[in-house]
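Let's take a friendly walk through a few side chains and their partners. Have the sequence and the structure open as you read.

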Amino acid sequence: MLSSRRIATMGGDIFRDEYSLAFDGTNDYLATGADGTAADATYVFWAKSSVTGANKGVFGHGGDRVGAFHFNHSSGRPILYLTDSDRYQYWVDTPAQDDGQWHHWAVVVDIDDMENGCKLYVDGILIAQYSRDESGTTTAYGNLEIGRSTTANEFQGNISDFAVYNTLLTQAQIQTIYNGREPFNHKESSFASNLTNWWRMGDGALDEYQATTTSGIIQDVVNEGFGNDVITNGGFDADSDWAKGDFTIGSGVATVTTDGANQYLKQINLWSDNANDGKVVKLEYEITANTDTIVLKINGYSGTDISSGSKTLASTVGVHQAYLFVNGTGNADSITFYINHTTGETISIDNVKLSVSNGAAGSMTNMALADIETDTP
Amino acid sequence: MFSNRKWIIIDVSNITDEMISNAIQTSMDTLKKSLDDSKAILKWDGDTPSCFEGMTTYSHSEILEILSGDDW
């Protein structure tokens, strides 16, 4: 097995697949804001696993039976669930689920006709259907999560180059993507107009992990990058634009001396109407002073990742960066630096910037830098 | 795989900011908790941070065995 793959593309560049994400099966996953509406689609990806028992949650949409695909779900058979117990499709057992080798998977999801439309291809070969029940109604999707379907169903293995198409791809198209096991540039195919999302799992030019803030981003390369900085007066050049709480703004920084209670520094109206739910935001900031071990937290939307001051940030003196997944119903159009520390210590903050990902970037949740592995098909 | 990673199981009420800062977990909100929400797992790579010293640690295979039980 090669540790990396590369292939020449039309422009003469070398198109590489050198990394994958390793999921440990305990609680890590890639959170995205993509594909949140149940509709016909095709999910294509490379996967490798050695788990011979049930290995659930290759991907899902907010529930283990909501647009969810599982390896070895029962009697060694893979399954696609669209709703609880009466809308699912099994396929016959395939050793590709657990032979410890890389395989290319394509899950074709026909929302309205599972018997004739839902298909599974492994390495470009059609897998025979097994039993199904399509008497029920498809459950409404949440956002796509890769590597888990619920907190009790997490995938164990590696995944690379996960792409979503908004159509039922044909076997010929899937074999084109399989490309004889060579890397495939989804943007250069004749059906690229149906490509909606593509996470390269470490090969994206802007894929990055910040160890000091235990946060990582896997860009959706269909629409990668970030928008402009949305913070006004992030350099604290004036005493304005911030709801300061106990902080003071002066000498070009925001400073607070702790009093043992909750203290905050907030900039409001960064977003409106939850328009950025499901987005990854990049937060940049500088700690210019920290006289003790004050832990800075971030607070914002009432959703995963940054609610209730629960996300701790790197708080040592220096420049830091964090990627935060905004996912919640939202009750505050704000982002808040938040501390709670014993009395008499001081922390100062400067150069705050915040930018929102353009596309449906993925947030490496409960994952480490070591989980971006040089292990590819 | 994950031979350098260790896990602990801890009462949710005993989790501190320092633990979250030293663990791989992204935030308090993304912890994996037991079905009764009383316990959670934390994990790290490499040397054991001081805040976890003295606690029972589990290897990858050990924690997977535990998580397959009825409590999780």
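## A pair within chain A

Which residue forms a salt bridge with A:Arg148? The partner is A:Glu145, and the closest N and O atoms of the two are 2.8 Å apart. Please keep in mind that this is a predicted model. Are A:Arg148 and A:Glu145 buried or exposed? Both of them are buried.

## Salt bridges between the chains

Over all chains, the count comes to 15 salt bridges. One to look at is formed by A:Asp24 and B:Lys43, whose closest N and O atoms lie 2.7 Å apart. A:Asp24 sits in strand 3 of chain A and B:Lys43 in strand 2 (residues 39-45) of chain B, so this pair joins two chains. With a relative accessibility of 0%, A:Asp24 counts as buried, because the cut-off for that label is under 20%. B:Lys43 also has 0% relative accessibility and therefore counts as buried.

Now turn to B:Asp17 and A:Lys297, whose side chains meet in a salt bridge at 2.9 Å, N to O. Here B:Asp17 belongs to helix 1 (residues 17-22) of chain B, while A:Lys297 belongs to strand 25 (residues 296-299) of chain A, so this pair joins two chains as well. B:Asp17 is partly exposed, its relative accessible area being 28%, whereas A:Lys297 counts as buried at 13% relative accessibility. Salt bridges with shared partners also build one network out of A:Asp24, A:Asp28, A:Asp371, B:Arg5, B:Lys43 and B:Asp45.

How is A:Ser20 classed, buried or exposed? At 0% relative accessibility, A:Ser20 counts as buried.

What does the side chain of A:Ser20 reach at 2.6 Å? That is the backbone oxygen of A:Asp375. Leaving aside residues up to four places away in sequence, A:Ser20 touches several others, among them A:Trp102, A:Asn158, A:Met201, A:Glu373 and A:Thr376. A:Asp371 is also one of the residues that A:Ser20 touches, and A:Asp371 is a member of the salt-bridge network described above.

Key
Residues numbered from 1 in each chain as written. Chains lettered and ligands numbered in written order. Predicted model: local features only at pLDDT ≥ 70, side-chain atom pairs only at ≥ 80, totals over all residues. Heavy atoms only, no water. Buried < 20%, exposed > 50% of the residue type's maximum accessible area, 1.4 Å probe, protein only. Contact = heavy atoms within 4.5 Å. Polar contact = N/O pair within 3.5 Å; in protein donor to acceptor, adjacent residues only side chain to side chain. Salt bridge = Lys/Arg side-chain N within 4 Å of Asp/Glu carboxyl O. Helix = DSSP H or I, 4+ residues; strand = E, 2+ residues; numbered from the N terminus.
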